Amino acid sequence: MVRRALLPLSAPPAWVLLLAVVAAGAPARADYIDHFATRDDVGPLKAPSRGDTRVLVIPVIIDDLPFEQGDEAAFLADVDGFFAADDGDLFTGGFSFARYWRQASLGRFRPVATVAPPVRFARCPPLGAYADCAIPRGAGVASGDFAGAVAVLNDSLAFLHEVLLCATAGPSRERSCTDGGGVDLAAFDIAGLTPGPDGYADGVIVVSNAAFPGIALPVQDLAQNTLVFTGPHPDFVYDGVAVPAVAIAGRARRPQRQTWVAVHEFGHLLGFADLYNESGAATDLPYSVMGGWYYDTAAPLLDPFSRVAVGWANVIQASGPGRFALASSARSGMVLKVGLGDEFFLVEHRRRYPDVLDDDLTVDAGVHVQRVRLQRRPSPATGFYLSTLQSCVNCIPFDSLTMVEEADGRYDLQQSRPRDDAADLFVAGQALVPSDDTAPRSTSHPVFSSNRLDGTPTGLSIRVEPDDVDGAIVVVDAPAVADPCAALAGLCDHDCVVDDDGHGRCGDFGTWPPPKASPRPAEAAGCAALASGPGTATVGVLLVGLLPARRRRSRASFAKACSLEQPVPARNR
Ligand SMILES: [Zn+2]
């Protein structure tokens, strides 16, 4: 599910739809990668995303294959350093698996990863027609080899089952691994929908020197789908604990890091769908760890909708005109929701933290305006994820679940042109406003406005006033909203309250208050970081050669946001 996946994303629609239809006969409202259309299915289809959890990381070493890191010792040191490091916070300790998720969730989700003793094989078993675990995009379906793709999936499930047996019980006469064992899977089940064991491991990640694609597989669900998969069908239960899904990161070429790929893949275990443009019809969605991240810089934060959907954001619903001080997302979690119904805007302030977070930003900071269209959210119907893979949520320009409203109004991303943060993030003086042009928006008619996709005016204006690296003032003009908490229904994972100012709030503002407004920083401070950052960087994709490598634009000037007029107050009023 990540760039270029093992699951046959380009499979004939007919068999995918067939699967989906058959699966839809099962009890509804429980689905993998539905982007939290339901939150009730933690355990069988989603990893827990609240509280303390345990994540098992299994290094799989293939003796006859090389290591991205140079040798086995360096590979294991890399894996251990990234997954086991969880002291301190992201900003002081640096980018690591545990610190990333803790910060992205504002401390609401606290995974602790443990690296298991390596599971070792002399060589990869054949996976379908492929040796060395090097499975190409679509596993042959694109060339019409459907039976071959099924064989790949069957063999992959069998191999993952063997990996899990080797990690828990160790080598035996029936297994081809030569090393491994000692994992007590029960120690990795401490949470479910509520704290405490639920019979499902909280999260399992495989990292390997084999050239696996980056992918997350709902192994238990797939193995139970006897319609297509020929079996044998392992149950993926070990000593009474089930492994419902596995995130996999194989060897990646520098500057990409396979440990970083695992962060995105783990996002799928939590429930997030891919937000990049799998179809190639538009540029990958920036500003999200589930979107256009190329694993060569410290991870982007999740986009606002993803953080709202999982329940990690502090959300404010504008109940009408207002002036909002948004402290930077990563620390405050603040997301401003403007608009109602199934199509609305989420506004946040994003900031680059070099080598730590959002390091792919080419500006120091800016205001990100995201359009959300719930019509394109995956259905929570059981088994629908196969359709989500086939018809990815952000794969049709404009007609997508989420998109970036670009401050320059050019909609370059929708037209497959390169990302340009300096032009696309809003800074002081820029605004998204209604348009008199009420024709539907599309690639051939890219109207810059707050009108709906079908052209209907919303009456919404979103304007950025002063902004700096710590936050921004966002001025909203909007029709009055009688019940702002009703407007957050289904999006609040916390109680919603109507604040003194009449706007709705849900989240945990008390525990994680937005940082106090710092006095306006010395002008050079925000801009100096730019000079020390990387210059141009070659950007590839995970499975090299499947998409053309792209060249990122040079870091753009951040002069606009580096000149502030006034400090940013901490709270909106
Ligand atoms: Zn993915």
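Two strands pair if DSSP finds at least two bridges between them. Helices (H or I, at least four residues) and strands (E, at least two) are DSSP runs, numbered from the N terminus. By these terms, six antiparallel bridges join strand 16 (residues 461–468) to strand 17 (residues 471–477). This is a predicted model: local features need pLDDT of at least 70, side-chain atom pairs count only at pLDDT 80 or more, and totals for chains, interfaces and linings use all residues. Residue numbers start from 1 along each chain as its sequence is written.

**Whole chain**
- The protein chain holds 13 helices and 21 strands.
- Of its 573 residues, 55% count as buried. Buried means that 20 or more other C-beta atoms lie within 10 Å of the residue's own; exposed means 12 or fewer, and partly exposed lies in between, with C-beta atoms placed from the backbone.
- Among contacts with a separation of 6 or more, 68% join residues 24 or more positions apart. A contact needs C-beta atoms, placed from the backbone, within 7 Å.

- Arg463 stands opposite Val475 of strand 17.

**Strand 9 and its partners**
- Strand 9 (residues 314–317) runs parallel to strand 11 (residues 334–338), and four bridges join the two.
- Gln317 has Lys337 as its bridge partner in strand 11.
- Strand 9 also runs antiparallel to strand 19 (residues 504–506), with three bridges between them.
- Ile316 stands opposite Arg505 of strand 19.
- In a regular strand the side chains alternate between the two faces of the sheet.
- In strand 9, Asn314 and Ile316 point one way, Val315 and Gln317 the other way, and all are buried.

**Helix 4**
- Helix 4 (residues 97–104) is mostly covered, with seven of its eight residues buried.
- Those buried residues are Phe97, Ala98, Arg99, Tyr100, Trp101, Gln103 and Ala104.
- Their cover includes helix 2 (72–84), helix 3 (90–93), helix 7 (258–270) and helix 9 (329–332). Strand 2 (109–115) is also part of this cover.
- Leu106 follows helix 4 and has a positive phi, near 60 degrees.

Terms used
Contact = placed C-beta atoms within 7 Å.
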